[in-house]
Amino acid sequence: MKISYSVAKDRASPHCISWTYRKKRHRKYFRTRIDAFSFRNQKELELGVKDREAIENEVIFMVLSEIKDKLLGLDERISKMEESLIDQQESMREIRKPPAPKILKITEAAKVLRISRRKLYYLLDKKVFKKYKLPHTRTTFIKLDEVEKALGSSNIEDLLN
């Protein structure tokens, strides 16, 4: 009695076990090598094939080799994912720009500071605040940080010194 294992390429279930029982040939296909060898082991037990220790060692070796192959595949996939993550993080750092400064129009800044626009233009001429102009408008702007700093001081005239 012979029970043989073969691998058939280009087939949906490549692992094949064939055996002869009562002058009739039987064949069964499996998707994984482990399933095929466990079935082969069961058939050899049923049909009473000798040399059990060699068969068990072979089955254990095949299971371990398949587990090793799967672990190596997972390790490769994880390393590729780590590399792509590092690349994405680097590209995100390059893409990020510093946030645009928050700015106020002269009229808004004058209302917040509770001074007239004329006095605010005077402070701009004295370089207390910096002027910011956007290319698409003729409006003058002031940074919000500078206005908040001016609000923190008790008197606007202190800013001139």
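Residues are described here as buried when their relative accessible area is under 20%, as exposed when it is over 50%, and as partly exposed in between, with a 1.4 Å probe and protein chains only. The structure is a predicted model, in which local features need pLDDT of at least 70 and side-chain atom pairs count only at pLDDT 80 or more, while totals for chains, interfaces and linings use all residues. Residues are numbered from 1 along each chain as its sequence is written, and side-chain values use heavy atoms, with hydrogens and water left out.

The chain contains five helices and six strands, where helices (H or I, at least four residues) and strands (E, at least two) are DSSP runs numbered from the N terminus. Read from the N terminus, the order of these elements is β-β-β-α-α-β-α-α-β-β-α. Of the 161 residues in the chain, 24% are buried. With contact taken as heavy atoms within 4.5 Å, 36% of the contacts between residues at least 6 apart in sequence join residues at least 24 apart.

Strand β2 (residues 15–21) has five of its seven residues buried, so this strand is largely enclosed by the rest of the structure. Seven bridges connect β2 to β3 (residues 24–30), and the two strands run antiparallel; two strands are considered to pair if DSSP finds at least two bridges between them. Thr20 has Arg25 of β3 as its bridge partner. Two residues lie between the strands of this hairpin, in which Arg22 adopts a positive phi near 55°.

Strands β5 and β6 are joined by two bridges, and the bridge partner of Tyr132 is Phe141 in β6.

Helix α5 (residues 144–152) has Glu146, Val147 and Ala150 among its residues, and these three are buried. They lie on the same side of α5 because they cover an arc of only 100° around the axis, the arc being that of the directions from the helix axis to the C-beta atoms. On the other side of α5, by contrast, Asp145, Lys149 and Gly152 are exposed. The buried residues of α5 pack against β4 (103–105), α3 (106–113), β5 (132–133) and β6 (140–143).

Glu66, located in helix α2 (residues 52–95), is buried yet has no salt bridge, and the nearest side chain of opposite charge, that of Lys70, is 4.1 Å away. Apart from its neighbours within four places in sequence, Glu66 is in contact with Thr32, Arg33 and Ile34.

Most residues other than glycine have a negative phi. Arg114, in the loop between α3 and α4 (117–125), has a positive phi of about 60° although it is not a glycine, and Arg114 is exposed, with a relative accessible area of 78%. Lys127, in the loop between α4 and β5, likewise has a positive phi, near 65°, and is exposed with a relative accessible area of 70%.

Definitions and conventions. Lys, Arg positive; Asp, Glu negative; His and termini not counted. Salt bridge = Lys/Arg side-chain N within 4 Å of Asp/Glu carboxyl O.
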